[in-house]
Amino acid sequence: MATRSKNNWGLIGSLVSIGLAVISIGYCFPSILEMIGNGWERSTRTVAFFARIITGGDA
């Protein structure tokens, strides 16, 4: 028979992580809306720029 841990730190850690994710999305949301508002071309250039950075190319 398995016993359940009575430690609440896992729950607290999960709630903190979810809170940080919500704050991150809220912080980035205006930037995402601006990219969409400026059109698809600028969004594609931004994605290509980050792809070059991630793959180690010159920015």
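**Exercise 1.** State in which helix Leu20 has its place, and decide whether Leu20 is buried or exposed in this predicted model.

*Solution.* Leu20 lies in helix H1, which covers residues 9–37. The relative accessible area of Leu20 is 53%, and because the cut-off for an exposed residue is over 50%, this side chain belongs to that class. Leu20 is also part of a nonpolar surface patch together with Trp9, Ile12 and Val16, and the accessible area of these four residues together is about 450 Å². On the spacing of such positions, an α-helix has 3.6 residues a turn, so residues three or four places apart point the same way.

**Exercise 2.** Work out what span helix H2 (residues 40–55) should have, and compare it with the distance between its end C-alpha atoms.

*Solution.* Just after H2, Gly56 adopts a positive phi of about 90 degrees.

**Exercise 3.** Determine how many aromatic pairs there are, and classify the geometry of Phe49 and Phe50.

*Solution.* The count comes to one aromatic pair. Phe49 and Phe50 form this pair, with ring centres 5.6 Å apart and 65 degrees between the planes; because an angle over 60 degrees counts as edge-to-face, the pair is classed as such. Phe49, at 31% relative accessibility, is partly exposed, and Phe50, at 46%, is partly exposed as well.

Note on methods. Residues are numbered from 1 along each chain as its sequence is written. This is a predicted model: local features need pLDDT of at least 70, side-chain atom pairs count only at pLDDT 80 or more; totals for chains, interfaces and linings use all residues. Side-chain values use heavy atoms; hydrogens and water are left out. Patches are made of residues with over 30% relative accessible area and no salt bridge: like charges are joined within 9 Å, nonpolar side chains (Val, Leu, Ile, Met, Phe, Trp, Tyr) within 5 Å. Accessible areas come from the Shrake-Rupley method with a 1.4 Å probe; for residues, only the protein chains shown count as cover. A salt bridge is a side-chain nitrogen of Lys or Arg within 4 Å of a carboxyl oxygen of Asp or Glu. Helices (H or I, at least four residues) and strands (E, at least two) are DSSP runs, numbered from the N terminus. Buried means under 20% relative accessible area, exposed over 50%, partly exposed in between (1.4 Å probe, protein chains only). The expected span of a helix is 1.5 Å times one less than its number of residues. Rings of Phe, Tyr and Trp (its six-membered ring) pair if their centres lie within 6.5 Å; planes under 30 degrees apart count as stacked, over 60 as edge-to-face and the rest as tilted.
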